[in-house]
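Please keep the structure in view while reading.

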Amino acid sequence: MPGLVSLLVSAERRVGPLLGATVAPILHRRHARKLDDAALDPDAERRARDSWWGGDQRWFPAGTPPRQHNRITPLVDGDAFFTRLYPALKGAQHYVYIAGWCITPYVPLLRGSAENLLRTRLIDVLSETAGRVPVRILLWAGAPFILQPTRRTVKSVQRIFQQHSTGDLICALDDTAQMSHCHHQKAIVVDGQAAFVGGMDLTTFAGDRWDHNDHDLRSGVNWHDVEALLEGEAVADVEQNFRERWQAVGGGGQLPHQDPMPDAAFSTPAQVVRTIPKGRYDVAPKGEFGIHHAYVEAIGKAQRFIYLESQYLWSPEIMEALTAAMDAPREQAFRIVIVLPARATSGKWDNDRHVEMLRKADAGRGIAEVYSLYASGPCNGVYPFRYQPTYVHAKVGIVDDEWFTIGSANLNTRGLITDSEINIAAIDATVARELRAELWSEHLGVPKEEIADDDPIELIDTAWRQKAEENARVIAGRVSPLFSQVHRYECGRVPGTWLLEESEMLTFEH
């Protein structure tokens, strides 16, 4: 048996790079054609040039335009998200619309006590809300086989809502995704006045989305994620996205609507940007690739730093943009920091490959660094501490403490071209800086007040690197807890997964 394992490991080291080198260019050309087919028509470009935002190429000239009067509240990790979502659902006065990848009907929104675990179960909260107002849920119909959630699983979820919920609640399934792809949007609209957009699903599939900023070691995987609470004019665009998809799949019935009523103090310019695959919906027959546009343009305009959190780093266009940003002539220091999961589900091989490409392009200049996050805690055995990767599921980009995006799209071709996704992109120095300080405070294990006013470049060159080195020593020693979460990303295949990963390269587009 050990001989067979050695043979397989040896084979995968030779076959893997060959398969990647052969398949990746074919997929890249195919996806480039899709982007070309959806290129903007001259009328759309002219309208953009004549608008208040047309001089800034970071805004997407197609789809819904940027809106000037918004408030965006970033919600870091599941506890912050669920704590804001629960009263929003309970207080709905007109309607609730939920678009998701998958849902666990009985997932509790609040934790901390047995009472909370029972009284805040999602299906119970939505049933109570549906006793007053319409509740509409739109889920991806699931994969035909192998991948989770399967169609059988999602139909079970739909059946639970149909049989065990009460009131005016309808759960519809969207089966328009191309085989091997999915509908990945995660968005909730309440009364047309508030929307939640980000990376968090209301589910425990693949991992319980509830977690706290401290990420205390738990029996299941620790989970890092980010959601945005959006208020203001752009809420109507999140709702319009739901309406378009609901009508496309024949969800049925009239969907009530309330115009947003922005507060006079709402002043953040924001745009709802989407990935709509080609040929999936009549509203965008050639596809819509606003998230791709926003990331590439923002990275291309970066002057001081780029900060990214993503589950995957596979997109050729993003890699090209990052490499070009590293090589652009500048008179001041420039840095790139990327946070990825230590072991991405169905994707560590690709993450490793692109991290190695980025490090090679850096060529020792110290411009780009890639990190992962870890949780720690006591356990049994001779060495009393255990160290477990925190799963990075956030999809966040921050550039120069000015531009930022939060949403459902990972930095792979699925997120930017072939799956349905939804993000909020905004330009607001105050919110961007606050978000960056909150994330770095969590990862570095220091109070936000201590780093809020520090220079980002100095923090990247000192605190990030020092904390990662310190944690590497702690993990090697195994006799003390971690005092922060950051760890330098390590490339290397997890034993026993090579066949699945190579099969995915051949059968599922990345």
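A residue is called exposed when its relative accessible area is over 50%, buried when it is under 20%, and partly exposed in between. The model shown is predicted.

Q: Why is Arg152 called exposed?
A: The relative accessible area of Arg152 is 72%. Exposed means over 50%, so Arg152 is exposed.

Q: What makes the patch of Glu449, Glu450, Asp453, Asp454 and Glu458 negative?
A: Asp and Glu count as negative, and the patch is formed by residues of these kinds: Glu449, Glu450, Asp453, Asp454 and Glu458. One of them, Asp453, is placed in the loop between helix H13 (448-451) and helix H14 (456-477). Asp453 has 75% relative accessibility and therefore counts as exposed.

Q: How do you know that Glu402 and Arg58 meet in a salt bridge?
A: A salt bridge requires a side-chain nitrogen of Lys or Arg within 4 Å of a carboxyl oxygen of Asp or Glu. For the side chains of Glu402 and Arg58 the N to O distance is 3.1 Å, so the pair meets the definition. The pair links distant parts of the chain, 344 residues apart. Glu402 lies in the loop between strand E15 (396-399) and strand E16 (403-407), and Arg58 in the loop between helix H2 (42-49) and strand E1 (70-76). Asp56, Arg58 and Glu402 are linked in a network of salt bridges.

Q: Why is Arg58 called buried, and why is Glu402 called partly exposed?
A: Arg58 has 11% relative accessibility, so it counts as buried, the cut-off being under 20%. Glu402 has a relative accessible area of 32% and is therefore partly exposed, a term for values between the two cut-offs.

Q: What makes Asp208 and Arg111 a salt bridge?
A: Their side chains meet at 2.8 Å, N to O, and the definition asks for a distance within 4 Å, so the term applies. Because Asp208 lies in the loop between strand E6 (194-198) and strand E7 (222-224) and Arg111 in the loop between strand E2 (96-100) and helix H4 (114-119), the pair ties together parts that are 97 residues apart in sequence.

Q: How many disulfides does a search of the whole structure find?
A: The search finds 0 disulfides. A disulfide would require a pair of cysteine sulfur atoms within 2.5 Å. Among the cysteines, Cys182 counts as buried at 5% relative accessibility, and Cys491 counts as partly exposed at 28%.

Definitions and conventions: Residues are numbered from 1 along each chain as its sequence is written. This is a predicted model: local features need pLDDT of at least 70, side-chain atom pairs count only at pLDDT 80 or more; totals for chains, interfaces and linings use all residues. Side-chain values use heavy atoms; hydrogens and water are left out. Buried means under 20% relative accessible area, exposed over 50%, partly exposed in between (1.4 Å probe, protein chains only). Patches are made of residues with over 30% relative accessible area and no salt bridge: like charges are joined within 9 Å, nonpolar side chains (Val, Leu, Ile, Met, Phe, Trp, Tyr) within 5 Å. Accessible areas come from the Shrake-Rupley method with a 1.4 Å probe; for residues, only the protein chains shown count as cover. The place of a charge is taken as NZ of Lys, CZ of Arg, CG of Asp or CD of Glu. Helices (H or I, at least four residues) and strands (E, at least two) are DSSP runs, numbered from the N terminus.
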